[in-house]
Amino acid sequence: MLEQIRNLPEWEKYLDYLRKSNSSENNQASGLIRSARYPVTAALHRDLNRPILYITDKPSRANLAGDEIPFWLGEEVLEMFPAPDPLFYEQGSWDPAIRAARLKTLTILSESAIPGGSARNLPPLIVAPIRA
C-alpha cells in the first residue's frame with residue numbers, strides 16, 4: 001500500500017510543498033480519514049527522511065498509533081513519548097517507566113541533531129499525545 005501512495009502524482013507535489021515550505025507553516029492537521037493516517041505517515045517518513053512528530057488527542061490513541069505504525073515502518077524507527085501520569089498542577093511523582101521512555105526519545109532525537117552524534121539509519125517517528 002505504501003508503494004501505491006508513493007506512486008500517486010499528487011504525492012510528489014505534496015512532498016515538494018513540505019520540503020520547500022517553512023516548518024512553522026506545516027503544523028496543521030492533514031485532514032485525512034483515520035484509517036489512512038498511518039500509511040500516509042509511514043510514506044512521509046520514508047520519503048522525507050527526517051524526524052516526524054505524530055500528535056494524538058488522547059493517550060489511548062497514541063498507544064493505538066504505537067501499535068499500528070510499526071506494521072507500516074518497522075519497530076526500529078518508532079519512539080513513544082508518553083504523557084506524564086499526574087497533571088501539571090497535581091502533586092504526584094512520575095512513573096519511572098514514563099520518565100525512561102521520555103528520556104530515551106529525547107536522547108535519540110538529540111543524537112541525530114548533534115554533530116558527531118550517533119545518528120541512526122532512519123530518523124525517529126515520535127508518537128505523543130497532546131498532553132505530553
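**Strand pairing and a buried arginine**

Student: Which residue in E3 is the bridge partner of Met80?

Tutor: Val127. This is a predicted model: local features need pLDDT of at least 70, side-chain atom pairs count only at pLDDT 80 or more, and totals for chains, interfaces and linings use all residues. Residues are numbered from 1 along each chain as its sequence is written, and side-chain values use heavy atoms, without hydrogens or water.

Student: What makes E2 and E3 a pair?

Tutor: 3 bridges join E2 to E3 (residues 125–129). DSSP must find at least two bridges for a pair, so E2 and E3 qualify. They run parallel. Strands are DSSP runs of E, at least two residues; helices are runs of H or I, at least four; both are numbered from the N terminus.

Student: What is the strand order in the open sheet?

Tutor: E1-E3-E2, with parallel pairing.

Student: Why are E1 and E2 at the edges?

Tutor: E1 (52–56) and E2 (78–80) each have a single partner strand, so one side of each lacks a neighbour in the sheet. From one strand to the next, the twist averages 25°. Axes are lines fitted to C-alpha atoms, for helices over the stretch in contact; angles run from 0 to 180 degrees between N-to-C directions.

Student: Which strands does helix H3 touch?

Tutor: H3 (residues 34–48) touches E1 and E3, at about 165° to E1. Contact means heavy atoms within 4.5 Å. Helix H5 (residues 96–113) lies across E2 and E3, at about 135° to E2.

Student: Arg102 is in H5. Why does Arg102 count as buried?

Tutor: Its relative accessibility is 13%. Buried means under 20% relative accessible area, exposed over 50%, partly exposed in between (1.4 Å probe, protein chains only). So Arg102 is buried. Beyond four places in sequence, Arg102 touches residues including Phe81, Trp94 and Ala132.
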